[in-house]
Amino acid sequence: MAMSWILVGMLLLSLASALLGGQPEALSQAALDGAQRAVQLGLSLAGPICLWSAVGETMQRAGLSESLARLLAPALRRLFPEAWRDRRTAGYLSANVTANLLGLGNAATPMGIQAARRMAGRQTAASDELCRLVVLNTASIQLLPTTVAALRAGLGAAAPFDILPAVWLSSGSALTVGLAACRLLERWRS
Amino acid sequence: MAQLSALLLPLALLGVSLAAVARRQDAYSALLAGAGEGLRTLARMLPALLVLLPVVQMLQASGAAERLCKLLQPLARALGIPAETLPILLVRPLSGSAALAVGADLMATHGPDSPIGRTAAVMLGSTETTFYTVSVYFGAAGVRRTRYAVPAALLADLTGFVSAALFTRIFFPS
């Protein structure tokens with residue numbers, strides 16, 4: 001719903017602005033141009049997005065996920081001590097985090113949901129660990145942001161992946177701040 | 001380094017195929033499945049592009065975008081981000097496809113290697129569709145009292161946006 005309001009706001013704003021500026025006839029042309037650009041942009045992005053997502057999927061099937069999961073186990077056990085006691089929850093948790101790291105959002109969400117369900121049980125209030133899991137998933141920890149890199153490749157970037165260090169550092173900062181906020185707010189009961 | 005970067009895609013294709021074959025996995029069908037997944041990503045993004053780009057174009061043609069940018073310049077400066085990327089902050093927590101559409105538009109308009117294009121890319125890579133994630137996870141778990149999850153997640157997002165601009169400036173000084 002929120003997107004609808006934003007859209008209505010943008011439409012009202014451009015109409016009002018065009019009427020004030022005295023160039024209302026430019027609007028319809030702009031709308032059509034925009035649709036045209038959308039199709040061109042979509043076409044130029046199709047190739048890189050598909051190719052990189054093929055690389056990502058094959059990487060996962062080649063067993064990179066399991067190796068990553070083993071690497072991550074110690075950190076996850078400390079973040080989710082309660083949930084880690086249950087073997088299946090632990091499995092879902094590490095599958096969720098590794099899929100996120102590999103930039104496979106579509107695979108990460110179902111695993112994360114399974115983990116969240118098992119962690120919540122019948123409680124209707126979120127536990128501290130569940131809040132941590134959600135924040136972990138909203139901070140987008142990606143080793144390979146393939147979709148964004150594919151966008152860059154499709155638009156002619158010289159080196160599509162040269163943004164990697166910046167992406168790692170800024171999602172790392174986001175995650176750190178998110179988890180620190182969780183720690184500070186743990187006393188929040190309602 | 002430039003050589004490596006130019007060969008990245010062929011090397012990645014070769015590397016993952018070899019790794020899969022070494023594990024006795026069918027590399028060809030894995031590649032096909034992944035390419036299909038890419039088509040689905042595109043299919044999710046395309047409608048958002050088709051609806052949002054005309055509106056963005058209208059905002060620009062009417063002069064509203066310019067006025068809005070000027071109006072919000074102090075806020076953008078306070079956060080240390082380019083004013084042009086503010087729309088990403090607005091839609092990113094709500095809709096992933098809309099954020100991709102807005103980001104792709106910025107990269108196409110200003111160039112993928114411009115400071116604005118790079119900042120947009122790093123922002124997209126380091127934040128998530130927070131409200132969607134929160135509602136999916138808590139909804140599935142039957143949790144009604146979300147306590148501090150939403151403010152903590154939004155704070156993480158804001159950190160992501162600000163540091164995206166910061167690290168882009170550090171790594172790619174213009």
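B:R24 is found in the loop between α2 and α3 of chain B, where helices (H or I, at least four residues) are DSSP runs numbered from the N terminus. The structure is a predicted model, in which local features need pLDDT of at least 70 and side-chain atom pairs count only at pLDDT 80 or more, while totals for chains, interfaces and linings use all residues. Residues are numbered from 1 along each chain as its sequence is written, and chains are lettered from A and ligands numbered from 1 in the order in which they are written.

The phi of B:R24 is near 60 degrees, a positive value in a residue other than glycine. B:R24 is exposed, because 6 other C-beta atoms lie within 10 Å; a residue is called buried if 20 or more other C-beta atoms lie within 10 Å of its own, exposed if 12 or fewer, and partly exposed in between, with C-beta atoms placed from the backbone. B:R147, however, is buried, with 21 other C-beta atoms within 10 Å.

We can now turn to the meeting of the two chains. The contact takes 85 residues from chain A and 85 residues from chain B, where two residues are in contact if their C-beta atoms, placed from the backbone, lie within 7 Å. On the side of chain B that touches chain A, the largest share, 23 residues, comes from α3(B). The residues of that side of chain B divide into 53 nonpolar, 22 polar and ten charged, if Ala, Val, Leu, Ile, Met, Phe, Trp, Tyr, Cys and Pro count as nonpolar, Asp, Glu, Lys and Arg as charged, and the others, Gly among them, as polar.

Two packed helices are described by the angle between their axes and the distance between the axes. Helix α1 of chain A, residues 2–21, packs with α3(B) at an angle of about 30 degrees, and their axes are 8 Å apart; the axes are lines fitted to C-alpha atoms, for helices over the stretch in contact, and angles run from 0 to 180 degrees between N-to-C directions. α1(A) and α3(B) are therefore roughly parallel to each other, a description used for angles under 35 degrees, whereas those over 145 count as roughly antiparallel, 65 to 115 as roughly perpendicular and the rest as oblique. On the α1(A) side the contact is made by A:L7, A:M10, A:L11, A:L13 and A:S14, and on the α3(B) side by B:V55, B:M58 and B:L59. These residues divide into seven nonpolar, one polar and no charged.

Helix α6 of chain A, residues 128–138, and α9(B) pack at an angle of about 25 degrees, with their axes 9 Å apart, which makes α6(A) roughly parallel to α9(B). Here A:C131, A:V134, A:V135 and A:T138 in α6(A) meet B:A149, B:A152, B:A153, B:A156 and B:D157 in α9(B), and by class this contact has seven nonpolar, one polar and one charged residues.

Finally, consider one helix within chain B. α6(B) is mostly covered, since 13 of its 15 residues are buried. Just after α6(B), B:G111 takes a positive phi of about 95 degrees.

Methods: Helices (H or I, at least four residues) and strands (E, at least two) are DSSP runs, numbered from the N terminus.
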